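Subject: A structure for you to look through

Hi,

Here is the structure I promised to pass on. Please open it next to this email and follow along as you read.

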Amino acid sequence: MRAVLFCVWCLAFFAFVVAGCSGEAVNKDRRNSFLTADDLVKMTAKMAMSITSDAGVARIIAQKRMLIVMKPVENATNEIIRPGEKEMYVHRVRALLSSEPALRDKFVFVLNRVDYEKLRAEEGLSTESLGSTEERVQPEYALWGTFYANTNVKSTARTDTYLCVFKLTKLSGENAGEIIWENKYETSKHVKKSFLD
């Protein structure tokens with residue numbers, strides 16, 4: 001009888017260990033090493049403050065307003081970032097810049113071509129009713145970013161180190177293609193995995 005009980009106990013323990021080693025069990029609390037909403041807030045606040053305090057940007061807006069088009073961030077990480085999330089990062093920077101009354105007429109944001117065409121189609125407006133593309137306000141600068149990541153996975157842990165670079169680039173006129181402003185946000189995420197997680 002003891003031998004039977006011992007065998008049952010061993011089988012139960014073995015099943016418990018196997019279940020504990022499955023990927024689903026490891027991630028049962030849904031923790032991950034990706035960027036969070038807290039990173040979004042910190043990152044965009046830092047970018048907006050950096051733009052407004054940049055000497056090169058200050059020289060430009062002292063002479064005339066900056067016409068800026070927003071480009072979704074480019075994802076060079078191994079994580080999936082949905083289109084809406086890519087746009088959220090740059091649009092929060094835009095919202096922060098627009099919220100400052102003294103800067104509202106200094107930074108003017110223009111719809112990118114894709115959103116402009118989409119809006120025109122949704123409203124049932126033809127090309128003739130809107131005029132040619134050249135007649136719409138043309139952006140002179142683009143605000144965009146690229147996210148990079150270095151992933152290190154071990155049997156007991158995963159670490160993702162992120163580098164998020166934002167740039168304000170001149171699109172037209174003299175020195176087109178020049179990066180007017182650039183800044184970065186860096187962070188590292190670490191997730192531990194125990195043997196029976």
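Below is what I found in it, going from the whole chain to single residues.

First, some background: this is a predicted model, in which local features need pLDDT of at least 70 and side-chain atom pairs count only at pLDDT 80 or more, while totals for chains, interfaces and linings use all residues. Residues are numbered from 1 along each chain as its sequence is written, and side-chain values use heavy atoms, with hydrogens and water left out.

**The whole chain**

The chain has seven helices and six strands. Both are DSSP runs numbered from the N terminus: helices are H or I with at least four residues, and strands are E with at least two. Read from the N terminus, the order is α-α-α-α-β-β-α-β-α-α-β-β-β. Of the 197 residues, 34% are buried. Here buried means under 20% relative accessible area, exposed means over 50%, and partly exposed is in between (1.4 Å probe, protein chains only).

**The core**

In soluble globular proteins, nonpolar side chains tend to be buried together. The largest nonpolar core in this model has 31 residues, and Val 57, Met 66, Phe 107, Phe 147 and Phe 166 have the most contacts inside it. Such a core is a set of buried Ala, Val, Leu, Ile, Met, Phe, Trp, Tyr and Cys residues joined through side-chain atoms within 4.5 Å. Helix 3 (37-53) is one of the elements that supply at least two residues, and the largest share, five residues, comes from helix 3.

Which residues does Val 57 touch, leaving aside neighbours within four places in sequence? Val 57 is in contact with Ile 51, Met 66, Phe 107, Leu 168, Ile 180 and Trp 181, where contact means heavy atoms within 4.5 Å.

Leu 168 is found in strand 5 and is buried, with a relative accessible area of 1%. Leu 168 and Ile 180 are 12 residues apart in sequence, but their C-alpha atoms are 5.5 Å apart in space.

Thr 146, in strand 4, is buried at 7% relative accessible area. Leaving aside neighbours within four places in sequence, Thr 146 is in contact with Glu 74, Ala 76, Leu 163, Cys 164 and Val 165.

Asn 183 is found in strand 6. The side chain of Asn 183 makes a polar contact with the side chain of Ser 50, at 2.7 Å. A polar contact is a pair of N or O atoms within 3.5 Å; within protein, one must be able to donate a hydrogen and the other to accept it, and residues adjacent in sequence count only if both atoms are side-chain atoms.

Asn 175 lies in the loop between strand 5 and strand 6. Is Asn 175 buried or partly exposed? Asn 175 is partly exposed, with a relative accessible area of 46%. Phi of Asn 175 is near 65 degrees, a positive value in a residue other than glycine.

Enjoy exploring!
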